[in-house]
Amino acid sequence: MSKNESIITALDVGTSKVTTLVASRNAAGRIQFIGKGVARNPDGMINGNVVNMEATTRAINESVTEADKICDVRIRSVLLGLSGEHINSMNSHGVFTVRGREVAQSDIDRVVEQSKNISLSGERRIVGTEMGEFVVDEQSGIKNPRGMAGRRLEVKTHVVTASVAMIQNLVRSVTDAGLQVDEIVVNGIASAESVLQEDEKQLGVALVDIGDGTADIVVYKQGALVYTAVVPMGGRYITRDISIALRMPPAEAERVKCRFGCAEPKSVSPDEEIEVSCIGDEEKKIIKAQFVAEVITPRVEEIMVNIRKKINEDIKDSFISSGIVLTGGTANLRYIKNIAEDVLGLPVRIGRPAISDDGMGFAELLRDPSFASAVGMAYYHGRRGGAKNGSSRGGVFGWLGRVMEKFFQ
Ligand SMILES: Nc1ncnc2c1ncn2[C@@H]1O[C@H](COP(=O)(O)OP(=O)(O)OP(=O)(O)O)[C@@H](O)[C@H]1O
Ligand SMILES: [Mg+2]
């Protein structure tokens, strides 16, 4: 690694798997993935929340060790993805009187800081602030007001908050694995970073990352993030339905879902048959693939209805003109796009992380919807200047450090 490169390590502790991605960022800001580790975590998390710290710490260790070995980087600190129903968001704004004649960076910092002055209970904390447009005097729609003449500076921001207890459980699982948390990135925002195009964000788009236990939603309008929420449902529910309806052990139900599953029964040939193992049967059994799809469809519809309700409850979806982008492992389910379009009433596409070819084979592996959030974390961090990460440096998340110190005294 040249001295102009820095290392970024993204840690996505998902409900089904823990992913570690190590990337190098060169002076021009180009991100290249150089290490990857994936460990299953079937018992550690439910719906994006840690329920078994020891199991989660073990899975984190396993995943980090694997990534470590591949790229020969000593991983000490990470960017950490956050999910769970406890995540909420609100749109805020700040107003500040410009001191000089031109808007300086310090004015921008102050006005953004002011927009974070929202009243929160002691159990909640701000975990992300995304800037929308600036207004200088009467002029709106400004992306970067630095150097502009004016007296009154206003900013519209989107503030994401989360439960301190849920963050502590996750961070504790990471620190118990001997790692330091440099920054927390909300999973939905990270996924958007790796798959959404600027035009989509301008026109209005919703990204929904449907993983194993959560559906992370983010909505962009006129290029800015306007909504963040999490529905506590995912692919695990589909696997459970198959397991119960067809009397299959969970691992077999998972295999059948991923290999032969389909969200739309009419798209499966009535002649297609599959061999499966059922509980209590010594011999393997032959069943119709269409029957599996009939079990899957109602649950996929229910997940989509809940996503629609969540979006409709909180915002009007009339401006989601360019439609919905699906990521997360469940976006790999065959024909999920059709069911999503039927229920959500909007055009849907499957989002794959945008990664340029690297000659190392990582790009192809990571162009899977289930890696959208881990890949996006690295991009997100890189775009914001890519402060050093992956080294033994002190955490940048001031309040988090204080909370953790207090909590673990
Ligand atoms: N081909 C496929 N067909 C159907 N489902 C699939 C397929 N591939 C993966 N999945 C499902 O995707 C889910 C895992 O997705 P992902 O890795 O995005 O979840 P996660 O990050 O571990 O969980 P979460 O984000 O919900 O906390 C599992 O439920 C898995 O069964
Ligand atoms: Mg996930």
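Helices (H or I, at least four residues) and strands (E, at least two) are DSSP runs, numbered from the N terminus. The model is predicted, so local features need pLDDT of at least 70 and side-chain atom pairs pLDDT 80 or more, while totals for chains, interfaces and linings use all residues. Residues are numbered from 1 along each chain as its sequence is written, and chains are lettered from A and ligands numbered from 1 in the order in which they are written.

**View 1. The shell around ligand 1.** Ligand 1 is surrounded by 24 residues (C-beta atom, placed from the backbone, within 6 Å of the ligand), and the closest are G14, T15, G211, G235 and G329. Helices α6 (235-245) and α7 (250-260) each supply at least two residues of this shell.

**View 2. An open sheet of 4 strands.** The strands follow the order β7-β10-β8-β9 with antiparallel pairing, where two strands pair if DSSP finds at least two bridges between them. At the edges, β7 (88-97) and β9 (139-142) each pair on one side only. Strand β8 (residues 124-136) is joined to β9 over 2 bridges, and F134 stands opposite I142 in β9.

**View 3. Helix α2 (residues 105-115).** D107, I108, V111 and S115 are the buried residues of α2, buried meaning 20 or more other C-beta atoms within 10 Å of a residue's own, and exposed 12 or fewer, with C-beta atoms placed from the backbone. Seen down the axis of α2, the buried residues fall within an arc of 100 degrees (taken from the directions from the helix axis to the C-beta atoms), so they line one face of the helix. On the other side of α2, Q105, S106 and D109 are exposed.
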